Amino acid sequence: MTDFDPTSVPYRERERSVTMEPMREEPVSGTEAIAEGDRHDELLTINIGPHHPATHGVLRLLTTLEGEVVRDVKPIIGYVHTGIEKSCEDQQYWKAITFVERMDYLAYYFNAMAFCMAVEKLLDIEVPPRAQYLRVAHMELNRIASHLFAFATGALDIGAVTMLWWGCRDRDLVLDLFEMSSGQRMHTRYFQVGGVMEDIPPGWEQKTREFCKVMPQRLDQYLDLLDRNEIWMRRTKGTGIISQERALELGVTGPLLRATGHPWDLRKATPYSSYEHFDFDVPVGIHGDNYDRFKVRIEEVRESIKIVEQALDGLPEGPWITDNRKVALPPRHELATSMEALIHHFKLVTEGFRVPPGEAYAAVESPRGELGCFVVADGSAKPARVHVRDPSFVNLQSLPDMARDSLIADFIACVAMLDPILGGVDR
Amino acid sequence: MPDATGLELIAQRVRDKLGDESVTGTVFFRDQATLEVAPAALHDVLAYLRDEDDEPWTSLMSLHGCDYLPDEPRLGVHYQLLSMERTDRLNVKTRLGADDPRLPTVIDLFPTADFQEREVYDMFGVVFEGHPDHRRILMPEDYEGFPQRRDFPMGGEPVLYTFNEGKYPRWYD
Amino acid sequence: MEVTRTRVDDLRVRQLKAQQMLRGELAGKDLEEFVEERLLFTRFETAQNWARKNCLFPLGFGLACCAIEMITVIGSPRNDLARFGAEAIRFTPRQADLLILSGRVSIKMAPIIRRLYDQMLEPKWVISMGACASSAGMFNNYAVVAGADKFLPIDVYVPGCPPRPEALIYGIMKLQDKIMGTPGMGWRERYQAYGTEEKPEGTGVA
């Protein structure tokens, strides 16, 4: 590897774009010895990003290039750091849900779910079965939407622009469903501690079933476009390979780990929120290259559609939020008749519920990997510490391994298929 | 999760191997096992848990810090370990004072700790000795202060209402 | 059949007239009639603004969650920007007109956005999309610049968290009105709601 460490340049100096560095005499291991006349004599260290069409958000990649080959890449992050974790310490628990939702901004239900699971563990309350099934249905729909957006932007980066229109079109169908159940397309505050905010309206089930009928055909359309396409195969097959051991060492989870062949999925390994009632498979890849990641995501969308249909088929009757009035708001019709309900409502809205002291860590399987939420409670109505273990933050560490000694175009395909969401990376 | 007795057995095995003062306590709360470890023995405890224990914990899922301000020692660093074969989680916790918080890095054991240790340094000021790239990761690199500590002010701007907007000049004044 | 024949005749007559005008054969009243039917007089600025507003080149720049809604506006067939002529997204600021700041502006990113804005050529406009770019949004803390108008002149603020695609399109239409020079009625004028303004000295409640 090179001796020159681009991060040894002082911070403000590095804000300039380009540095050049004369190369050593012997060729770098891994490439054939280049003939005298053809040798490139410098290593170019440039910035890709933070403003760049192909980085998914504001990610800055300090790449050291030798000609067109990437020798080293250092991701520099922090450009969307919003101090969400510190802001949560100042808010009541149910208000903190809105903050935590905006971390991984494509998988908003998963953020809220991890936080709610951790707080429910601390409070030691039970979530009613109807709420669990509704949570599963919404989370799987969000997984479908997130993967569709990943296909749309990933294919756009690789060059297949039609996929952008199709992916966004189908994602709009899912967002319509979210809007019907909770009123907002993104960042719905639908999951609350103890259940879901309110019951699904009549007609939601019908619309979701129609969506589930339409979606597999759409997936086949995407595969017709991309799967037998020579350009797509050449761009994604065999590029960005990472071995299973290295992925496990780096803490990579989610579709990237499953593409290398390791079938680790939290929905099957440590089932939460009644996932054990559903019958679905976990798609696993073989080589760990970009093509396998793409196929794993496609198959995951198919499995999610199956889960949504099963959730709708088996949706139990009952309350949609816990009955514990100290945690969940009482239904409004009780406020007119019961004094206690009024007092609970008042306390919950002004001060919020208090959580006994303790620490809890809860993990869910988000579309990018293991999303964990660590909550420390100190007995008051505000959390003392909220930390979210974001999957993209940890998956990004595998980017230098994937990209070493590959061409820039393959490197961009790696970033596209890695699917980092910078809101989660930077929090 | 290891249950309470399993946790005690793990603590006992670590004490046998590394000495009594390495494990300072165990907490078993809501089915979650936490092993509290002294900072000096941290690297050895994690190496033992990863390699030599009868029930090895091979993956580090999350490394995060916490500021327990009124309680001393003030800063806490948590290591969330996962064993994929047994689908088990164990939390290893150390507490440090805020005067000169230093910990050995665990990158040689778990390469996933790279970015996560930088984040703990950035947010809390815990120095990880031996980290190859010890710089701030989320804040700008010449930032002063460690934002996530409890005594760091929240920052931000005052919200302007009618009664106080006269007091704060706008940027165009 | 008569109808189509007269229409075809009408078209043919018009074509012949146009041919005559180009050859210079029309004169007098015929020429005046021709000119009144075809030509349109306006000021140069109005024509220029009309061209500019219908051909905005947004800079492809997304920061956070609002960027997803922005990509939905640009890329989704349901609400798309191509109907306004703004579909040509340029990723280099040298060729772009319109900077849509979508997402929270952190302190690390602010100098970079300022640089991007400086690199854009005149005339340029900025839409601040979402609550986080207009004010601090919900993140009133150490890491977020409270509103991009601290370092950039902004033309249109679109509220929402994230704003619906229709809201963003409404914001772009308002920007188009602004470019034309007719910035549109404020709400006070529309609803004739005078008489409730606050005193500028901030005398407060009492």
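Two strands are said to pair if DSSP finds at least two bridges between them, and strands (E, at least two residues) and helices (H or I, at least four) are DSSP runs, numbered from the N terminus. The model is predicted, so local features need pLDDT of at least 70 and side-chain atom pairs count only at pLDDT 80 or more, whereas totals for chains, interfaces and linings use all residues. Residues are numbered from 1 along each chain as its sequence is written, and chains are lettered from A and ligands numbered from 1 in the order in which they are written.

**View 1. The open sheet of chain C.** In chain C, strand 3 (residues 125–129) and strand 4 run parallel and are joined by 3 bridges; C:Ile127 has C:Val156 in strand 4 of chain C as its bridge partner. The open sheet of chain C has 4 strands in the order 1-2-3-4, with parallel pairing. Strand 1 (58–59) and strand 4 (156–158) of chain C each have a single partner strand and stand at the edges, so one side of each is left without a neighbour in the sheet. Helix 4 of chain C lies across strand 2 and strand 3 of chain C and runs at about 130° to strand 2 of chain C, where angles run from 0 to 180 degrees between N-to-C directions and axes are lines fitted to C-alpha atoms, for helices over the stretch in contact.

**View 2. Surroundings of C:Leu98.** C:Leu98 lies in strand 2 (residues 98–102) of chain C and counts as buried because it has 23 C-beta neighbours inside 10 Å; the term buried requires 20 or more other C-beta atoms within 10 Å of the residue's own, exposed 12 or fewer, and partly exposed a count in between, with C-beta atoms placed from the backbone. Leaving aside neighbours within four places in sequence, C:Leu98 is in contact (C-beta atoms, placed from the backbone, within 7 Å) with C:Leu56, C:Phe57, C:Pro58, C:Leu59, C:Trp125 and C:Ile127. C:Leu56 is 42 residues from C:Leu98 along the chain, yet their C-alpha atoms are separated by 6.5 Å.

**View 3. Helix 3 and helix 7 of chain C.** Helix 3 (residues 44–53) and helix 7 (residues 165–180) of chain C pack with axes 8 Å apart at an angle of about 160°, and they are therefore roughly antiparallel to each other; angles under 35 degrees count as roughly parallel, over 145 as roughly antiparallel, 65 to 115 as roughly perpendicular and the rest as oblique. C:Asn49, C:Trp50, C:Arg52 and C:Lys53 of helix 3 of chain C meet C:Gln176, C:Ile179 and C:Met180 of helix 7 of chain C. This contact of helix 3 with helix 7 of chain C has 3 nonpolar, 2 polar and 2 charged residues, where Ala, Val, Leu, Ile, Met, Phe, Trp, Tyr, Cys and Pro count as nonpolar, Asp, Glu, Lys and Arg as charged, and the others, Gly among them, as polar.

**View 4. Where chain C touches chain A.** The contact takes 31 residues from chain C and 28 residues from chain A. On the side of chain C, helix 4 (65–75) and helix 5 (110–119) are the elements that give two or more residues, and helix 4 of chain C supplies the largest share, 6 residues. The residues on this side of chain C divide into 18 nonpolar, 8 polar and 5 charged.

Notes:
Two residues are in contact if their C-beta atoms, placed from the backbone, lie within 7 Å.
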